[in-house]
2 protein chains.
Amino acid sequence: MGRRSKHSREEMQEMAIKAAREIVAEEGVRELSTRKIAAKIGYTVGTLYHFFKNLDDIIMYVNSQTLDMLYEYLKHRINKNKQTALISLANGYLDFSKKHFSEWQLLFEYPMPKDMQYPRWYEEKITKLFKLVEQSLSTQIKLPKIDLSRKSRVLWSGIHGVCLLYHTGKLHKTKSETAETLVEDLLKYYLAGLKMI
Amino acid sequence: MGRRSKHSREEMQEMAIKAAREIVAEEGVRELSTRKIAAKIGYTVGTLYHFFKNLDDIIMYVNSQTLDMLYEYLKHRINKNKQTALISLANGYLDFSKKHFSEWQLLFEYPMPKDMQYPRWYEEKITKLFKLVEQSLSTQIKLPKIDLSRKSRVLWSGIHGVCLLYHTGKLHKTKSETAETLVEDLLKYYLAGLKMI
DNA sequence: ACCTGAACACCGTTCAAGT
DNA sequence: ACCTGAACACCGTTCAAGT
């Protein structure tokens, strides 16, 4: 048989990642497989291993795109209102996690091998996202630059935690509380504490 | 062939759950399979399906035991010190997630089907755990009973979020910050905010 | 009421053989 | 430098056949 050369290396990679994301979005995290990806782009399974190390590698690329999508989604929520900058961003995060639940789940609930190490450009996408948080935090409160990084991380971890436990229902039995209420509460008191000291 | 009747129904279930937990603890979440569980207890795969609905069902029972272990682990960290009750509990949670990382991961990072609904007794174990948080929170701050539940949930979601992002490295590139530092920061300012208002 | 062995429909990953 | 087809070593789940 041999090569078909209908698509360049880059095109092939893009096609595979796109197919993977579609499978996840339409059928859920647990339905993703190399064989489905291959079938969807009209190639044999073996071909994928010419462009990716393994399934985890493909997932990493999907996740990297999800980080891009999240960034684009949150970027437009940025505002300079001293009262609402952070709550607007946090609600954006909640909206995104609902709208793109399966992709969000692949990013945060899929158990990667513990020795997995992400490339530089991947880490940089995370840094870029945190810049949004730092920016919103600093419009609401004036903080020393040294503190800004830690406070953003703490705040965002908290928001993420609420979001995660809301979606999975894993740490609360009462469904009466919405994720929005909990996030609002977190922001309110944490920020009040910061302002005080 | 037929029955062996060497073990009662309850013994069989207990053996399978124990085997599953050991596989997870020793080899990691991704290595768990029904076939390995069956082999470990000296039975055929098919037998498992006589005692459990499916693998997810077995995992639910493992997770329920993990909740028990977590409760026992945290129970001894409870103290009545008005300054350190919560930080002691939070550090206990961090310790547990490190000591029993894989079980913790199975509980929080394994993507269960979204229609999965947990039995009553499972939800009650979560409630029981939250009682510890509520108890510690109320020794540090006097709060209306109505608020206690929500504040505990927010606080624990935050601690869990920090813990998760620490272990997976998924939302911070700087490894310089320890989970302990971040949790301490969260507690400090959130509680300060609560005390103020 | 169990338990087995085999079957079914899948997996991820590798690789000799082809162009 | 690709791409295939087949192989290998696994999966989860079901079920007829046995006691």
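Hi everyone. Read along the sequence, chain A runs α-α-α-α-α-α-α-α-α, which comes to 9 helices and 0 strands. Helices here are DSSP runs of H or I with at least four residues, strands are runs of E with at least two, and both are numbered from the N terminus. The C-alpha atoms of chain A fill a box of roughly 70 × 40 × 30 Å along the principal axes.

Some ground rules. This is a predicted model, where local features need pLDDT of at least 70 and side-chain atom pairs count only at pLDDT 80 or more, while totals for chains, interfaces and linings use all residues. Residues are numbered from 1 along each chain as its sequence is written, chains are lettered from A and ligands numbered from 1 in the order in which they are written, and side-chain values use heavy atoms, with hydrogens and water left out.

Now the interface. How many residues of chain A are in contact with chain B? There are 46, and they touch 46 residues of chain B; contact means heavy atoms within 4.5 Å. Together the two chains bury about 4700 Å², with 65% of it on carbon and sulfur atoms. That buried area is the accessible area (1.4 Å probe) that two parts lose on being put together, summed over both.

The rule finds 6 salt bridges across this interface, each a side-chain nitrogen of Lys or Arg within 4 Å of a carboxyl oxygen of Asp or Glu. A:Glu177, for example, pairs with B:Arg150, their closest N and O atoms being 2.9 Å apart. On the chain A side, H6 (101-108), H7 (120-140), H8 and H9 (179-196) each supply at least two residues. The largest share, 12 residues, comes from H8(A).

So let's zoom in on that helix. H8 (residues 145-168) of chain A packs against H9 (residues 179-196) of chain B at an angle of about 80°, with their axes 10 Å apart. Axes are lines fitted to C-alpha atoms, for helices over the stretch in contact, and angles run from 0 to 180 degrees between N-to-C directions. The two helices are therefore roughly perpendicular, a label for angles of 65 to 115 degrees. A:Arg150, A:Lys151 and A:Val154 meet B:Thr181, B:Leu182, B:Asp185, B:Leu186 and B:Tyr189.

Lastly, a search over all chains finds 26 salt bridges. One of them joins A:Glu26 to A:Lys40, at 3.7 Å between the closest N and O atoms. A:Glu26 lies in H1 (residues 9-27) and A:Lys40 in H2 (residues 34-41), so the pair ties together parts 14 residues apart in sequence. Thanks, all!

Note on methods:
Parallel < 35°, antiparallel > 145°, perpendicular 65-115°, else oblique.
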